[in-house]
Amino acid sequence: MHKEDYKDIFFKAFLLFLMILAISLGINDYFDFGIKLIHLMLYDAVLIIIVIILYCFPLVLGWGIILFIAVSIYMKYHHSLMFNRILSDILLFLQWLPAYIAGYAAFLKEYAVPFLIIIMIFATGLLGILVFSRINKLIITAIGIMLFSFFWFTYVEKSHLYLMIFLYSSLLLHSYSLWEKKKEEWKSKSIPVSISFYKSWLSSAALLIGLSIVFMLMLPLNIKPLKIDILNDFMVRNFPFITQWKNASEENYGYSYSFSLAGNVYKDKKLGGPVNFNGSSMLTVKGSLRNNLYLRGSVYDKYSGFNWSRSRRKSFIFDEKKVLDMLANIEFMDLNIEIKPERLISSTLFSALYPVNVKLDNEKIFINDDLEMYTSKIIDKNSSYNINIKLPMISEDMLREAMADADKEISNTYLKLPNNIPDRLSKLVEHITYGKNNSYDMVKAIEAYLRSNYQYTLEPENVPAGRDFVDYFLFEGKEGYCTYFASSMVVMLRLAGIPARYVEGFLVEPKGDVENGKYDIIDRNAHAWVEAYFGEYGWITFEPTPAYKEIEPWKKENEEEPQEASNDEEDELVSFSENIIDTTRRKDLMEDEIYTVVDITNGDRKIGINTKHIVYFIIFVILLRILYGLIKINMLKFIKIKDSNKYAKFYIDHIIWLAHKAGRKKKDSETLRQFMSNMNEYFLIEEDISGHIISILEGIIYGGKSITSDEVIKLNEFERRLKREIKANLGEVKYIWNFYLGKP
């Protein structure tokens with residue numbers, strides 16, 4: 001194979017590697033595999049090497065299969081134990097994979113790497129065929145746009161960055177394919193192409209595509225999923241049989257239709273902003289209630305800074321014994337309720353901690369480790385279900401003495417926060433929990449702080465783009481509804497080292513006249529709250545929203561009321577979030593000023609944003625100027641003029657421009673020969689060479705001659721010679737400044 005062919009293959013392989021890496025990063029984030037970047041790069045590099053080998057030497061595939069069979073036979077008879085163990089693991093994985101895809105099995109972390117590799121083998125094979133074939137490369141770009149759009153709408157936070165990597169590689173590949181076609185055309189016409197032309201093309205294409213992508217990154221990114229909820233609700237409500245067309249009896253289908261405030265009530269997946277309720281009936285609940293009942297719908301563990309999402313938790317067929325095994329040696333009170341959906345379309349079975357004896361006719365019921373319950377089908381208004389709930393009887397003293405340490409899985413899942421959480425939030429948590437020597441008192445201190453210092457409203461301002469939701473609420477917005485308070489408390493608890501999760505559902509308040517123990521749950525009853533983890537006592541519910549009654553734990557008869565905080569302590573907590581913004585007060589609360597990095601006020605933040613955009617604009621202008629210089633200095637390569645007379649005039653203008661940028665300006669009184677003669681002395685070019693060039697140009701302009709391919713080669717060689725002499729005369733730095741950054 002020719003040396004140039006190998007260069008072509010390795011260049012395409014490098015672009016393929018970048019595209020596969022972008023896809024693997026998106027898949028890793030989408031499935032939450034947690035595989036490190038260096039490992040992803042290694043897996044992708046190995047796959048690309050295999051693709052190159054198969055492309056260059058197709059027979060390797062056949063020999064590889066023969067070698068694999070030979071090694072398998074050898075392992076079978078000489079290392080049977082290892083062979084059987086490997087074969088068993090492979091068979092278990094192959095059994096798990098289709099079951100997971102179909103929804104029968106939960107995701108297993110130990111299968112993350114092989115699952116990713118299988119996906120990447122398919123992606124690498126498909127893209128490899130497209131990259132090394134003669135098919136239009138814009139198809140690859142279209143595939144990437146669709147794939148990363150899916151990642152974006154499923155809230156893969158960095159999907160736009162991964163898309164930029166993919167776009168850069170695929171568009172560069174498309175540009176290269178156009179170059180290949182043009183090169184073949186020139187070759188058929190016996191037009192020589194030098195390596196310098198190739199380098200100029202590559203640098204120009206890379207800079208142009210990179211410049212376009214930088215410009216895209218500068219634009220605001222505030223895309224929201226397109227949803228037509230009215231149409232969706234109408235179809236499911238009036239034609240319920242359509243929900244059974246696919247995966248009608250599988251756990252995966254039911255999970256995809258589980259309840260969420262964003263999808264079922266607020267109609268928006270981004271936290272914050274005003275909400276409106278129309279009083280529509282969501283559920284009907286029957287039961288004898290003495291206290292507020294928190295009907296859990298969905299549990300979330302992943303906070304991004306602008307929304308909540310959840311990891312796919314291990315699910316199993318509902319079993320009363322498994323639920324009760326979660327809490328041993330705890331006394332319970334029984335509560336029986338009946339729930340009937342009205343306008344709510346969901347597969348979720350609403351219940352409180354801890355559900356047992358669920359009665360729903362002829363339905364498969366699933367429950368996961370977060371005690372989210374859902375069925376394999378949509379539950380409509382023609383269905384109802386009965387649930388027996390076990391309410392744990394746990395006192396404050398028991399919670400204060402609870403073991404603080406959580407197991408590794410709990411800590412990894414429910415203490416995780418984004419890396420960009422502002423420092424001032426951590427300082428606030430440290431102040432609130434100062435002096436508290438157990439987890440329960442810390443939780444209650446944070447809960448009391450939120451209930452005392454922030455205002456409840458359904459019409460808060462929208463959170464500014466790019467701002468952390470919780471940070472903005474605590475320090476600037478200071479008003480909101482349940483999602484504001486619950487999100488803030490979960491983040492604050494995690495900063496304090498206490499595992500916590502964000503829960504959405506409905507709050508049933510037993511107040512007013514209730515007929516036959518029947519409660520009409522409307523959209524306004526939709527609610528979000530907090531559950532914190534207390535070791536052997538499991539998850540405990542807390543209410544940080546001041547519009548609702550505080551949850552009182554079960555009390556023993558001889559248990560004393562906890563001593564209330566002193567007035568001085570309350571005053572300190574009330575004023576802390578205000579004082580933390582005013583750096584002229586309470587500097588004794590922190591070692592260094594908290595706002596050396598973070599913008600404090602809205603005005604300061606606007607200045608920061610404007611400065612950032614000014615820097616981006618300056619960089620954009622510089623890159624644009626470099627691109628202009630690069631194109632201008634290589635105009636003869638980029639512009640093809642078939643008319644000989646026009647080409648000669650264009651060539652003369654180009655030579656005059658090059659000389660002008662180098663400090664030799666053509667005078668109005670000078671003829672072309674005089675100008676070239678003076679330029680020869682200035683740039684040390686032989687007289688006979690420039691004389692031959694002038695003869696060619698004069699013959700075309702004044703003699704009406706047609707330019708030949710040999711004359712084109714001579715003119716191009718003179719232009720390259722002139723640029724080399726200019727660079728030598730000016731020096732590298734001045735040459736770059738004059739042609740790429742100086743005045744056009």
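Is the crossing of helix 22 and helix 24 left-handed or right-handed? In this predicted model, the crossing of the two helices is left-handed.

**View 1. Helix 22 crosses helix 24.** Helix 22 covers residues 644-661 and helix 24 covers residues 687-701. Their axes come within 8 Å and cross at roughly 140 degrees. Helix 22 is therefore oblique to helix 24, since an angle has to be over 145 degrees to count as roughly antiparallel.

**View 2. Residues where helix 22 meets helix 24.** On the side of helix 22, the residues in contact are S644, N645, A648, K649, Y651 and I652. Helix 24 contributes I693, L697, I700 and I701. Sorted by class, this contact has seven nonpolar residues, two polar residues and one charged residue.

**View 3. The aromatic pair of F150 and F151.** The structure holds 26 aromatic pairs. One of them joins F150 and F151, with ring centres 5.9 Å apart and 50 degrees between the planes, a tilted pair. F150 has a relative accessible area of 41%, so F150 is partly exposed. F151 has a relative accessibility of 3% and therefore counts as buried, the cut-off for buried being under 20%.

**View 4. The aromatic pair of F534 and F542.** This pair is also tilted, at 6.1 Å centre to centre and 40 degrees between the planes. F534 counts as buried because its relative accessibility is 2%. F542, with a relative accessible area of 3%, is buried.

**View 5. An aromatic cluster.** Y449, Y454, F469, F473, Y481, Y484 and F485 together form one aromatic cluster.

Methods. Residues numbered from 1 in each chain as written. Predicted model: local features only at pLDDT ≥ 70, side-chain atom pairs only at ≥ 80, totals over all residues. Heavy atoms only, no water. Axes fitted to C-alpha atoms, helices over the stretch in contact; angles between N-to-C directions. Helix = DSSP H or I, 4+ residues; strand = E, 2+ residues; numbered from the N terminus. Parallel < 35°, antiparallel > 145°, perpendicular 65-115°, else oblique. Left-handed = near helix turned anticlockwise from the far one by under 90°. Contact = heavy atoms within 4.5 Å. Nonpolar A, V, L, I, M, F, W, Y, C, P; charged D, E, K, R; others polar. Phe/Tyr/Trp six-rings, centres within 6.5 Å; stacked < 30°, edge-to-face > 60°. Buried < 20%, exposed > 50% of the residue type's maximum accessible area, 1.4 Å probe, protein only.
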